[in-house]
Amino acid sequence: MAPPPTVLIIGCGVAGPVLGNLLKQKGYHPIVFEKVSELGDAGASLMLMSNGLKVLELVGVADNVTAESTPIQRFIDSTSDGKLLGSSDLPSTFKDKYGHPLAGIKRTSINLMLKKMLLGHNIELREGWELLDIKEEENSVTAYFDYGRSVTGSFLVGCDGIKSASRKALLRSKGIAEGPPSYTGLTQTAGISKAPDSLLNPAAMRNWYADGTHVIAYPICKTHISWAMTRRETDEAAETWRPYRPEELPQQKSELCKLLEGWNSVLMDMINASGRIIKFGLFDREELEAGQWYSKRCVLVGDAAHPTSPHLGQGANQALEDCFHLSQALPDLASGDAHFEEAVAVLGPSLSDAIFKPYAEKRQPRTSDLVRGARAVGEQRIASGEEACMLRDESVMKKFADKGWLASRMDELLREPFQRM
């Protein structure tokens, strides 16, 4: 029997390791490449929802996430001064209904969990490999990395995020020159704090709204919460977009508290308890059509295909759905039965039409809808002006008042990518 096909997976964030595991289970030989020299401290947090956790369960990580986290039991939305706009205990039903809850987790924790999972399954991870270009042949693809390194495989999957080098190379092969992501005019300042008791009980995803500013907070473990402040900043100040050093934290906390003067005082407590603060700009890209997600031997997953703003909490979860559907579309080579050669033949010249095209056509409409929805939610959250803020607050109250609508909307998200058995 021929050796298993080598799959080149670019990026070791959330999607890359998960896809590597799923393909190893199906009899492939995945190699995961990561441009960072050593995976470690990264970002603030992720909200992993029931749809994403279903996929993480397939690779043995979901229970680790929920054991570390404090699953969300309520949604609570308020004005900046603490006036309640609406609340719902709908999240408390998600584990029974979908098999998994909503669970916030520190981004570093999930990255290291997935790295450990990869290595535990003897899946090769090459850190410090930055992709520069791709060359496709009829039955193979060669990835070219820095320092003159190259690797050839059967096909390549780009899981390398909004600044994706694989996307750039794939589009270039189609004659499309794409520039860098565009700045949306919004920034987020995020932190991780030892939580005041009032923000841990109940375990809730909380939103506060004001004129031009929005704050969200949720637990990421038994003692700490993650929070993020979104606001308009039309002038790019990229030099400030970074994690702040310990000696800079007192000044940053003071400036943030000034921005939140008049807000619920618990937010000041939350900011002053922060052990980590990071600021970053929010970026976007033009939407790709389904036919632009793939080429002869390459295909995109997650933010490389459909960059998603954080306002619906679906970026990582949609990347995980992509991983599931792409792995399901690929033939199973692990059984070793009489159909092995037939299955391998699908990976030949017909790969893009037989596998990549239906995968992209299945996923593009759903992700496109969610990307647009996340943009709309983001714009609503940072509404500016008295009238716009009043309309936003009324809309939030209506959302909570219509329990059927809220349950239906969450069901559209969380019942995917497969029904609970």
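Reader: How much space lies in the largest cavity?
Author: This is a predicted model. The structure holds 1 cavity of 30 Å³ or more. The space in the largest cavity comes to about 100 Å³.

Reader: Which residues that line the largest cavity are the closest to its centre?
Author: The lining has 14 residues. They divide into 5 nonpolar, 4 polar and 5 charged. The closest to the centre are Glu 287, Leu 288, Ala 305, His 306 and Val 371.

Reader: Now the pockets. What volume does the second largest pocket have?
Author: A pocket is an open set of points, whereas a probe in a cavity cannot get out. For the second largest pocket, the volume is about 150 Å³.

Reader: Which residues of its lining are the closest to the centre of the second largest pocket?
Author: In total, 13 residues line the second largest pocket. By class they are 5 nonpolar, 5 polar and 3 charged. The closest to the centre are Thr 184, Leu 186, Asp 284, Ser 309 and Arg 375.

Reader: Which element gives the most to the lining of the second largest pocket?
Author: Strand E12 (182-194), strand E16 (274-284) and helix H11 (351-381) each supply at least two residues. The most, 4 residues, comes from H11.

Reader: What is the radius of gyration of the chain?
Author: The chain has 13 helices and 17 strands. For 421 residues, the globule rule gives 22 Å, and the chain is close to that, so it is as compact as a globular protein of that length. Its C-alpha atoms fill a box of roughly 70 × 45 × 40 Å along the principal axes. The radius of gyration is 22 Å.

Reader: What percentage of the residues in the chain is buried?
Author: Buried means under 20% relative accessible area. Of the 421 residues, the buried part is 57%.

Reader: Where does Leu 312 lie?
Author: Leaving aside neighbours within four places in sequence, Leu 312 is in contact with Met 49, Leu 370, Gly 373, Ala 374, Val 377 and Arg 409. Leu 312 lies in the loop between strand E17 (298-300) and helix H9 (315-329).

Reader: Is Asn 272 buried, partly exposed or exposed?
Author: Asn 272 has its place in helix H8 (residues 265-272). Not counting residues up to four places away, Asn 272 touches Lys 253 and Cys 257. Its relative accessibility is 45%, and the middle class runs between 20% and 50%. Asn 272 therefore counts as partly exposed.

Reader: Now the backbone. Which residues does the cis peptide bond with omega of about -5° join?
Author: Most peptide bonds are trans. A cis bond with omega of about 5° joins Asn 201 and Pro 202, and Pro 202 is in the loop between E12 and strand E13 (204-210). Pro 417 is in the segment after helix H13 (403-414). The bond with omega of about -5° joins Glu 416 and Pro 417.

Reader: What is the phi of Tyr 147?
Author: Most residues other than glycine have a negative phi. Tyr 147 lies in the loop between strand E9 (141-145) and strand E10 (150-153). With a relative accessible area of 74%, Tyr 147 is exposed. Its phi is positive, about 60°.

Technical notes: Residues are numbered from 1 along each chain as its sequence is written. This is a predicted model: local features need pLDDT of at least 70, side-chain atom pairs count only at pLDDT 80 or more; totals for chains, interfaces and linings use all residues. Side-chain values use heavy atoms; hydrogens and water are left out. On a 1 Å grid over the protein atoms alone, a cavity is a set of points where a 1.4 Å probe fits but cannot get out, and a pocket is an open set with protein on both sides within 12 Å along at least five of seven lines; lining residues have an atom within 4 Å of a point. Grid points are joined across faces, edges and corners, and a volume is the space filled by probe spheres set on the points. Ala, Val, Leu, Ile, Met, Phe, Trp, Tyr, Cys and Pro count as nonpolar, Asp, Glu, Lys and Arg as charged, and the others, Gly among them, as polar. The radius of gyration is taken over C-alpha atoms; the globule rule is 2.2 Å times the number of residues to the power 0.38. Buried means under 20% relative accessible area, exposed over 50%, partly exposed in between (1.4 Å probe, protein chains only). Contact means heavy atoms within 4.5 Å.
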